[in-house]
Amino acid sequence: MKITGIEAFPVANPTPYIGGPVWMFVRVDTDKGISGYGEIFTTQAYLRPRTFATTVEQVGEDFFVGTDIRNVEHTYHKYYNSFYSHTGDLLKTAIYSGIEMACWDAIGKELDMPAHMLLGGRFREGVRTYTYISAPPSDKELGFDFWLNPGAVGERAAEFADQGFTGLKLDPFPLMTGSDVHASQVTPLQWSLDALDLAEQTIAEIRKRVGKRCDIIIGTHGQMTASSAIRVAKRMEKFDPLWLEEPVPPELASEMAKVARGTSIPITTGERLTSKWEFARLIREDAASIFNLDVSQVGGLWEAKKIAAMAEANYIQIAPHVYGGPLVAAASIQLGLASPNLLITEGMGKFTGAHAELLDEPIEWRDGQVVPSKRPGLGHNLNETVARKWAVSDNDRLFGSIDSTQPAASRNLGNR
């Protein structure tokens with residue numbers, strides 16, 4: 001089965017704080033008339049969305065069109081070793097990842113089998129998911145700054161627990177981007193006492209409201225030095241969170257290891273890593289006990305399965321990172337079904353709203369977990385009519401750029 005064409009679908013997410021402002025889907029066509037769909041991680045992209053879509057299609061022409069769709073291993077190495085860069089790159093591997101998962105979708109459709117059956121078979125009947133504690137519709141304009149209101153966060157956490165979620169996540173610190181500063185510091189930084197107090201109050205409020213019904217997951221977006229992260233962890237240990245995520249920037253595994261040695265809270269990292277070689281470094285440094293690899297970033301399903309196997313052999317669990325549209329979620333579900341060492345998978349609420357509208361058959365969520373589709377491939381096809389209706393405009397931007405959709409400037413937590 002040969003690949004005959006690639007089309008990208010850049011979509012402006014109508015709920016930009018639920019999965020990011022722009023999603024990039026891709027369709028792979030074959031000479032057998034079978035098409036597969038995938039999704040490319042966009043939060044790391046520095047290209048404008050329409051430029052990004054053109055790049056995706058051109059990369060598809062240069063490295064995928066004309067190849068046998070089943071030669072996943074060979075195609076990966078040919079692609080990865082090109083560009084005079086035998087190293088990971090967020091944009092490079094993201095483009096490959098989305099096209100690769102579309103290939104698995106098409107292969108599964110040809111064989112009439114779900115993708116997880118091609119990755120070792122089904123290990124579990126459902127996939128447990130957690131969700132971000134997002135702002136209620138009445139406060140949606142607050143975006144991530146909603147997390148800086150302990151009472152409101154605690155109330156919202158209780159609502160999610162009542163809905164059946166067993167894992168809840170947030171970043172209880174201001175989200176620093178670009179040249180933003182906190183007490184005259186750029187990341188990685190030491191949080192002020194005010195910021196530490198507020199974060200502690202927020203997590204305490206969540207635990208008070210949800211009790212033992214939910215695991216609490218603390219994200220930090222890699223904003224701290226190792227010493228600052230240890231200070232944070234000591235305040236959080238009494239609330240027994242499931243993990244502390246990416247406490248330091250991802251560049252130095254040795255610094256992550258310092259945090260792991262300095263706290264009883266499990267350390268999770270990996271969402272901004274691009275290859276199995278980078279995860280191997282984490283293993284050598286004993287830097288994390290949970291990998292939140294992203295299928296749409298690390299090279300697709302085949303490479304993700306390799307990373308999961310490496311982790312399993314070292315008693316490390318996986319918790320796939322899902323931040324985007326519904327197809328990266330669908331691929332992550334397939335990985336979770338086939339991985340013995342799955343802990344939990346990130347989710348976008350119950351996958352309703354825009355996530356449901358963009359699929360021909362929505363992802364089914366019930367009682368804290370996803371009920372897998374029985375259809376072949378990823379189990380879900382892109383609704384191209386909706387994707388074209390929501391296509392990006394020239395004015396749409398990604399996170400971090402000038403005029404992008406990003407959190408409001410709540411930066412009033414100075415030293416005291």
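Predicted model: local features only at pLDDT ≥ 70, side-chain atom pairs only at ≥ 80, totals over all residues.
**Notebook: aromatic pairs, the domain boundary and some loop residues**

I began with the aromatic rings and counted 16 aromatic pairs, taking rings of Phe, Tyr and Trp (its six-membered ring) as paired if their centres lie within 6.5 Å, with planes under 30 degrees apart called stacked, over 60 edge-to-face and the rest tilted.

Residues are numbered from 1 along each chain as its sequence is written, and side-chain values use heavy atoms, with hydrogens and water left out.

Next I turned to the domains, where the assignment (automatic or from a database) gives domain 1 as 2-114 + 383-390 and domain 2 as 116-370. I found their C-alpha centres 24 Å apart, with 40 residues of domain 1 in contact with 40 residues of domain 2, contact being heavy atoms within 4.5 Å. The two domains bury about 3200 Å² between them, 69% of it on carbon and sulfur atoms, where buried area is the accessible area (1.4 Å probe) that two parts lose on being put together, summed over both.

How many salt bridges lie between domain 1 and domain 2? I counted one, a salt bridge being a side-chain nitrogen of Lys or Arg within 4 Å of a carboxyl oxygen of Asp or Glu. Glutamate 73 forms a salt bridge with lysine 306, and their closest N and O atoms are 2.7 Å apart. On the side of domain 1 that touches domain 2, at least two residues each come from strand E2 (22-30), strand E3 (35-40), helix H2 (72-80), helix H3 (90-111) and helix H13 (384-389). H3 gives the most to that side, with eleven residues.

I then looked up aspartate 68, which lies in the loop between helix H1 (49-63) and H2. Beyond its neighbours within four places in sequence, aspartate 68 is in contact with Met1 and Lys2, and a polar atom of its side chain lies 2.9 Å from the backbone nitrogen of arginine 70.

My last entry concerns the loop between strand E5 (167-170) and helix H6 (193-210), where I located proline 188. A cis peptide bond joins threonine 187 to proline 188, with omega about 0 degrees. Alanine 183 is placed in the loop between E5 and H6 as well, and I noted that its phi is near 50 degrees, a positive value in a residue other than glycine.

How values were computed:
Helix = DSSP H or I, 4+ residues; strand = E, 2+ residues; numbered from the N terminus. Polar contact = N/O pair within 3.5 Å; in protein donor to acceptor, adjacent residues only side chain to side chain.
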